[in-house]
Amino acid sequence: MEILSQLILNGVMAGALYALMALGFNLIYGVTRFFNLAHGVLAAIGGYAFFTLSKMLGLNIYLSVATGVAIAGLAGYGFDRLVYSKLRKRKASNLVLLVASLGVFTTAQAALSIIFTSQFQTLSETAGQEALSVLGGVVTRTQVIIIFSSLASMLGLAALLNGTSFGKAVRAISDDEEVARMVGINTGRVTGYVFFIGSALAGLAGILVGFDTGIQPTMGMGLLLKGVIASIIGGVGNIYGGVLGAFLLGLVENLGIWMIPGEWKDAVSFLLLIVFLVFRPQGIIKR
Amino acid sequence: MDYILHLATLVIIYAILGLSLNLVVGYTGLLASGHAAFYGIGAYSTAILTTSLGVNFFASMAAGIAASAGAAFLIGAVLSRFDGDYYALVSLGFNVIIYSVFLNWHGLTRGPLGIPGVPRPALFGMDFSSGVFFLALAACFLALTFLAARFVARSSFGRVLKSIREDEKAIQVFGYNTVYFKLAIFVISAGMAAVAGSLVASYINFVDPSSFTVMESVFILAIIIFGGLSSLKGSVIGALVLVLLPEALRFAGFPQAIAAQMRHVVYGLFLVVLMLYRPQGLFGEFKL
């Protein structure tokens, strides 16, 4: 019984992280209609930006988180301006964009390895590791912070999309970019902002992973896949579906390793993806 | 001289990988991004069978082809119902999972330690262990792969693949079950990739999981996109250029660890620049 509640707690925790990845991925997919595989490396960029500011330069932790998130956002914005927006202008197919994002991913990940070496770095020190007991399971304070910052980001994003004219513009572009442009929305600029927000969310996920376990340059691919799997099983392009998918994925993955060793988590989540693709390819909530 | 032989052998191995991947990506228009998984299954089959069971190299290659084709059949049965970005993503995910199998199934693969002591092939008392002989053997396999790929591409089966690429709905109307065709070419391509895997395991005398990451798949993809999709000649030339180009970094005097990462930077940028300025590559007749 104790192990079960611990696994469920771990699942919720993982779900909160995957939800952050899925939110950004889905937001970007919604306006650009391509699978941005470079999304994962932005988590690594966020993590390393925080690492540099806080551990190497000794900056205040909150300031470092905010700056790290902003740096990840700016990196995503930069990738859009330098690569994707040019391809979109040329009406390149979504596969061309996907291959370009694979190139961006490879380059950025290798650049991180060159600058910071491939070594595993942990972000948290002893602080924040005292354990709390919840429903028979144990969570660290870091993990509580993860849950709350993830929920806060979800609510913030929902408020942004539903309550502001910017949100209206984003939804209009997601519905139909041509029409959105015709009614006078500057789609290029809005898409740029969406890249900033989505990438900043990935950066936050990267920093939180760093607090929970640690960072290394290759962390991006795993997080990307989790975010994309969450999006697909939740219903791709639907940001609420993505959140639902993320928590489902987190739970299934952690309950799936009840009887088998933990390193097969990724295989469990891939299996979940396959099951969805075979039986419900449109995801839980159809767009 | 040894160095030139070494590079020539690597070019040949990547040319085989490029040719096989081009059948799926170039001819059929499906962006398979997990080719290193099948390359790895071939390599591990040879490594395991030759070291622990003492099986002959050529028999181990046949087993590798069978194992790789079998794995491709299983995942392809799901994959072939999709196309476009879903196809790319699921094949990429498959690569990640196969990599984690190589890494975590200690009983079979020895995990991150890898399998050392993979022997060079010998046949009827002929020994291929010297560099020149191995190069000749690899060249024979490249020639076989090239002929097989050309045969597939020019057959009526190949014409169906091209029409799937151009308009899948239209060819379905003519009564072709496109799922079977997509599955068949995926399995064939995986079998060919296993040939390259067996060769590399025996050539380097060692396999470990780090050679079969997603990065490796991206590299093979870069080779065929640079050479040109749907061009077999392009795949060979793409392998030649992309294997040799990063070698310049070695002479620029970067330390080993950084040079390996610089190689990734080079071909990552290569992909981005190709997409921006010449998405059809050198000889491509098909643009993504």
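Analyst: Two residues are said to touch, or to be in contact, if their C-beta atoms, placed from the backbone, lie within 7 Å. By that criterion, and leaving aside residues up to four places away in sequence, A:Gly234 touches A:Ala22, A:Gly241, A:Gly242, A:Val243, A:Leu244, A:Gly245, A:Gly283, A:Ile284 and A:Ile285. This is a predicted model, in which local features need pLDDT of at least 70 and side-chain atom pairs count only at pLDDT 80 or more, while totals for chains, interfaces and linings use all residues. Residues are numbered from 1 along each chain as its sequence is written, and chains are lettered from A and ligands numbered from 1 in the order in which they are written.

A:Gly234 belongs to helix 9 (residues 219-234) of chain A, where helices (H or I, at least four residues) and strands (E, at least two) are DSSP runs numbered from the N terminus. Is A:Gly234 buried or exposed? A:Gly234 counts as buried because it has 27 C-beta neighbours inside 10 Å; the cut-offs are 20 or more other C-beta atoms within 10 Å for buried, 12 or fewer for exposed, and anything in between for partly exposed, again with C-beta atoms placed from the backbone. The C-alpha atoms of A:Gly234 and A:Gly15 are separated by 12 Å, although these residues are 219 positions apart along the chain.

Chain A as a whole has 11 helices and 2 strands, which run α-α-α-α-β-β-α-α-α-α-α-α-α from the N terminus on. Its radius of gyration, taken over C-alpha atoms, is 18 Å, close to the 19 Å that the globule rule gives for 287 residues, so chain A is as compact as a globular protein of that length; the rule is 2.2 Å times the number of residues to the power 0.38. Of the 287 residues of chain A, 52% count as buried, and residues 24 or more positions apart account for 75% of its contacts with a separation of 6 or more.

The view can now be widened to the partner chain. The predictor gives the complex an ipTM of 0.89 and a pTM of 0.92, and the mean pLDDT of chain B (the predictor's confidence in each residue, from 0 to 100) is 90, with 98% of its residues at 70 or more. The contact between the chains takes 33 residues from chain A and 29 residues from chain B. On the side of chain B that touches chain A, the elements giving two or more residues are helix 4 (84-104), helix 10 (214-227) and helix 13 (256-277) of chain B, and helix 13 gives the most, with 11 residues.

Of the 195 residues in the largest nonpolar core, A:Ala100, A:Ala205, B:Ala222 and B:Leu271 touch the most other members; such a core is a set of buried Ala, Val, Leu, Ile, Met, Phe, Trp, Tyr and Cys residues joined through C-beta atoms within 7 Å. B:Ala222 touches B:Leu242, B:Tyr267, B:Phe270 and B:Leu271, not counting residues up to four places away in sequence. B:Leu242 is in turn among the buried residues of helix 11 of chain B, a helix whose buried residues pack against helix 1, helix 6 (131-154), helix 10 and helix 13 of chain B.
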